[in-house]
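Here's a quick briefing on a model, put together for someone who likes to see the cut-offs. Have a look at the chain first, then go through the notes by topic.

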Amino acid sequence: SLIGLFSAAIASYVVGVSHSLAWVRAVLDLGGCLILFFLAVAAFRRHEHLVDTLTALAVSGLVVSAIGLVQYFVWPEMPGFPANALPAATFGNRNLLAEYLAPATPMVLLLAYGARRAWRRWFAWGAAALMLFCLVCTRTRAAWLGLAVVGAVTSYFWIPALRRRAIKYEVSRLWSWAIVACCTTICIIWFTTTVRPFWAQDKKGSPVQALIGTTLQDPGIQERLAFWSGCVAMINDSPFLGVGAGQWLVHYPAYDLGRTVHNYGYARFPHSDPLQIAAETGLVGLAFYAWFLVLILRMLWRGARNEWGDRKAILVACLASVVAFLVEGLFGFPGTQASTRALFWIVCGIGVTVAGTWESEERRVVGRTKTMTLTLGFLVFSLVALWASRQQVAADRQNMLASSLMRIDRPDLAAQEVEKAAPYGVWDPDILFV
């Protein structure tokens with residue numbers, strides 16, 4: 001399924017109308033993710049490997065959540081962290097932060113449950129509580145929905161397992177569970193019902209009011225419906241292999257019909273990962289992607305239902321994380337964000353390893369040569385993708401300057417900026433207005 005998905009992305013270049021450097025970057029990103037998946041399958045063979053990785057994930061979640069909360073409540077214009085919607089932390093936008101926190105939270109909770117050292121457990125509980133609090137502050141409905149699904153999936157497997165003692169539970173850990181749960185619940189209830197930052201100028205009020213009030217009249221909802229409508233029309237015109245990987249933003253203006261495109265540009269993603277995959281790699285690419293998801297979800301579901309002990313806890317957390325990512329992908333674009341996308345493929349690799357041969361007597365022993373080959377392959381893909389991204393950023397800078405010059409009626413200077421952007425081999429969508 002993964003080889004088919006990668007092949008569809010490559011084949012889309014042949015039938016695509018435009019052959020810009022954006023395709024190269026998209027294919028390299030996908031190839032790097034696939035290598036990262038197989039590297040995770042090869043690397044996570046012992047409990048210590050997983051604990052170290054989850055600890056690093058808890059550190060990252062704690063740091064970005066702390067920065068986001070400081071931005072939201074105390075220091076909105078924190079230097080070095082530009083943002084267009086708070087709390088954004090290091091992501092630049094609250095929606096991107098929420099898309100990362102939702103699938104990361106189940107894995108951090110897994111560390112809080114399964115870490116053998118007390119300081120790791122308490123650290124993970126603190127990080128998870130702060131991540132949940134920050135997630136609520138983002139006011140992102142797709143992430144809230146993903147978090148609700150995470151709670152439902154976890155409860156479905158954990159409550160019966162605790163009754164049957166299928167998951168280990170030490171009474172000595174009851175205090176950490178109770179303290180963190182009570183503090184988090186009190187803070188979330190207090191915030192969602194009363195708190196509004198003193199500097200906030202939006203009219204949405206508290207997060208609960210933002211969720212309940214005028215959802216269908218929200219401009220963001222209307223824009224998403226317009227994106228999806230144009231994306232469906234794009235799929236109808238190129239149903240087999242799509243318009244080319246990474247080419248959605250180039251072709252979309254022709255399908256917008258003036259609904260969302262304006263003088264200041266438009267969204268670079270359709271706010272739906274499945275629709276973007278279908279538009280760029282066609283129904284063939286979407287079929288391979290769906291095949292992979294069915295295999296992963298079936299493996300995790302069966303393992304979470306049939307396994308016992310630590311294996312069951314790990315598989316439940318992986319299943320919850322993957323489901324949160326997929327739910328967010330229906331209304332957002334976590335699959336296009338580097339950190340969230342990398343987390344998804346690593347979690348899938350962990351799930352495959354644990355559900356298959358992790359720490360079993362008949363497991364395959366992955367040699368150092370194979371692991372090193374995968375590591376070097378991922379490094380090469382990442383470096384080339386970084387170069388392609390640098391080229392696109394350099395071209396985008398010139399194209400955006402040209403677009404700004406056109407708004408002040410200086411077509412002569414705008415043409416000069418366009419000529420500077422052309423050698424980079426990338427056409428930014430804003431150039432269409434010029």
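Asn-84 is exposed, as its relative accessible area is 62%; here exposed means over 50%, buried means under 20%, and partly exposed is in between (1.4 Å probe, protein chains only). Asn-84 sits in the loop between α3 and α4, where helices (H or I, at least four residues) are DSSP runs numbered from the N terminus. Keep in mind that this is a predicted model, so to speak of local features takes pLDDT of at least 70, side-chain atom pairs count only at pLDDT 80 or more, and totals for chains, interfaces and linings use all residues. Residues are numbered from 1 along each chain as its sequence is written, and side-chain values use heavy atoms, with hydrogens and water left out.

- Asn-84 and Arg-94 are 10 residues apart in sequence, and their C-alpha atoms are 8.2 Å apart in space.
- Arg-94 belongs to helix α4 and is buried, because its relative accessible area is 12%.
- Arg-94 also pairs up in space with Cys-137: 43 residues apart in sequence, 8.7 Å from C-alpha to C-alpha.
- Asn-95 is in helix α4 too, but counts as partly exposed because its relative accessibility is 24%.
- From Asn-95 to Pro-334 there are 239 residues along the chain, yet their C-alpha atoms are separated by 9.3 Å.

- Ala-89 isn't a glycine, but its phi is positive, at about 55°.
- You'll find Ala-89 in the loop between α3 and α4, and Ala-89 counts as buried because its relative accessible area is 1%.
- His-271 is another non-glycine residue with a positive phi, near 60°.
- His-271 is placed in the loop between α11 (253–256) and α12 (273–306), and counts as buried because its relative accessibility is 12%.

**The salt bridge**

- Searching the whole structure turns up one salt bridge, a term that means a side-chain nitrogen of Lys or Arg within 4 Å of a carboxyl oxygen of Asp or Glu.
- Asp-52 and Arg-120 make up the pair, with their closest N and O atoms 3.6 Å apart.
- This pair ties together distant parts of the chain, with Asp-52 in helix α3 and Arg-120 in helix α5 (residues 118–137), 68 residues apart.
- Asp-52 is partly exposed, because its relative accessible area is 46%.
- Arg-120, on the other hand, counts as buried because its relative accessibility is 14%.

**The cavity**

- One cavity of 30 Å³ or more comes out of a search of the whole structure; on a 1 Å grid over the protein atoms alone, a cavity is a set of points where a 1.4 Å probe fits but cannot get out, and lining residues have an atom within 4 Å of a point.
- The largest cavity has a volume of about 120 Å³, where grid points are joined across faces, edges and corners and the volume is the space filled by probe spheres set on the points.
- Its lining includes His-47, Leu-50, Val-51, Tyr-113, Gly-114, Asp-310 and Ile-314.
- The elements giving two or more residues to the lining of the largest cavity are α3 (47–73), α4 (94–114) and α13 (309–331).
- By type, the lining residues of the largest cavity split into nine nonpolar, two polar and one charged; Ala, Val, Leu, Ile, Met, Phe, Trp, Tyr, Cys and Pro count as nonpolar, Asp, Glu, Lys and Arg as charged, and the others, Gly among them, as polar.

**Helix α13**

- Ala-317 lies in helix α13 and is buried, because its relative accessible area is 6%.
- Ala-317 and Gly-351 are 34 residues apart in sequence and 9.0 Å apart in space, going by C-alpha atoms.

Terms used. On a 1 Å grid over the protein atoms alone, a cavity is a set of points where a 1.4 Å probe fits but cannot get out, and a pocket is an open set with protein on both sides within 12 Å along at least five of seven lines; lining residues have an atom within 4 Å of a point.
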